[in-house]
Amino acid sequence: MYVLGIESSCDETAAAVVKNGRHILSSAVASSLKFHRKYGGVVPEIASRKQLEVIAQVTQEALNEAKISLSDVGLISVTSKPGLAGSLLVGISFAKSLSLASDIPLLGLDHLYSHIYAGFLNNRNIRLPFIALIVSGGHTSLYEVFDFDKIKLIGSTHDDACGEAFDKVAKILGLGYPGGPAVERMARKGNGNKIKFKCSDTDNPLDFSFSGIKTAVLYYMRKKSPDSGSISDIAASFQEAVIETLVKKSFLALRAKKSRRLVIGGGVAANEKLRVKFCQRAKKEGISIYFPSKELCMDNAAMVAGLGYRLFRKGHLSDLTLNTAGQ
Ligand code: KG4
Ligand code: ZN
C-alpha cells in the first residue's frame, strides 16, 4: 500500500510516499529557513504563509518522484500535533481536502511518535518493546514504547528542549541559526574537556533541564578572559556536557525498565559526536541501539507516512473533524 505523508509542524513543508511502511519512494522537503534567519529563530506567521504557498507543489513533487498518482494512494497520513498551530493547520487542511476530493482514508498523528518511527525506516530488525529518546528543537523526551499505539512518556524536559539549547548557545557564541549544526561544526575544532559545564539535576532522574547550562555558557562568555578557551572549546565543552546527560539518562531508563533496546530520533540525533558516544556506551553494555539516517533525524514526511501505515494496519483512522491539539 502506498501512503502519502504530509508534515508541516515547524518551518518545513514535507511530503513523502512510502510503500508498506518501509520503502521510501520519495521524500520532498521545502524549508522556509532563509526567511527566518535574520530573526534568529522561526517566526510562526512567516512559516505558515510559506507553507500555504508551497504545500501543493511539494506534494505533487513527492507523487511524481514516486511515479504514482493520487488515485494510487491508500492512505493520507498527516502530522496533527504538536507544533506551531498555524503550520499544523496548513498540513491538516490540505490533507483533509485531498482526502475528501479523492476519497482516500485520512490519519492524523503525533510528530514525536513519527520521530520514533524514523528509526524503523532504515533498521528492519527492531523488536518491541524498547526505550526511545527523542531530541528535537521543541522536545526532549524518553518513552517506553510497547507498540506505536501504546507509548508511555517516562521523562521530559522541564524547560528548554535539547535542540533549543543548541540553538540558543549558537546565538550566544555568534554562530547563527540553526544552531545545532553550527555548534557541532565549531566543536570539532575545540577541546570538550576544557570547561566543566554541567546540566542541572532534576527530581525525576529521567527528566531533563537545559536552561541552566545555556545560562552558564552566557555568563562564561560575559566574563571570558584570554585564557578562558576559544569559542570552539566552549562549543565543544557545552556539547560534551549535553551528550553526557543524554547518554546517562537514556541508560538509566534502559536499566529502570529492564530494556535492552534503544531507539533515538529527532534533529539533535544527527549530531555525529552524540551518535559515537551512544554507540560506545551501547557496545560496552550490550545494548542494541538504532538511529535513523541523519537525513531522517530531521523533520520529514517519510516518517509520517511510515507510522501512518503502521497505525492504519492496527485500525486507526481520522475523520474530517481532525484538528490540531497545538503545542
Ligand atoms: O527534529 P527537528 O528537525 O525539528 C523539530 O521537531 O524540532 O530538530 C531540529 C533541532 C534544532 O534545534 C537543531 O538545532 C537541532 O535539531 N539539530 C542539531 C543538529 N542538527 C540539528 N543539534 C545538534 N547537532 C546537530 N548536528
Ligand atoms: Zn521534529
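## Surroundings of Glu144

In this predicted model, Glu144 is in contact with Phe130, Ile131, Lys150, Ile151, Lys152, Ile154 and Lys257, leaving aside its neighbours within four places in sequence. Glu144 itself is found in strand S7, which covers residues 140-147.

Glu144 is buried but has no salt bridge. The nearest side chain of opposite charge belongs to Lys257, 4.0 Å away. Lys257 is also one of the contacts of Glu144.

## Zinc site

Three residues coordinate the zinc ion (ligand 2): His111 through NE2, His115 through NE2 and Asp299 through OD. The distances are 2.0 to 2.1 Å. Along the chain, the donors of this zinc ion follow the spacing H-x3-H-x183-D.

Both His111 and His115 lie in helix H4 (residues 111-122); because they are four residues apart there, about one helical turn separates them. An α-helix has 3.6 residues a turn, so residues three or four places apart point the same way. His111 is buried, and His115 is buried too.

## Helix H4

How much of H4 is covered? The helix is mostly covered, with ten of its twelve residues buried. Besides the zinc donors His111 and His115, the buried residues of H4 include Leu112, Ser114, Ile116, Tyr117 and Ala118. Gly119, Phe120 and Leu121 are also among them.

How values were computed: Residues numbered from 1 in each chain as written. Chains lettered and ligands numbered in written order. Predicted model: local features only at pLDDT ≥ 70, side-chain atom pairs only at ≥ 80, totals over all residues. Heavy atoms only, no water. Helix = DSSP H or I, 4+ residues; strand = E, 2+ residues; numbered from the N terminus. Buried < 20%, exposed > 50% of the residue type's maximum accessible area, 1.4 Å probe, protein only. Lys, Arg positive; Asp, Glu negative; His and termini not counted. Contact = heavy atoms within 4.5 Å. Donors = N, O, S within 2.8 Å, 3.2 Å for Na, K, Ca; no water.
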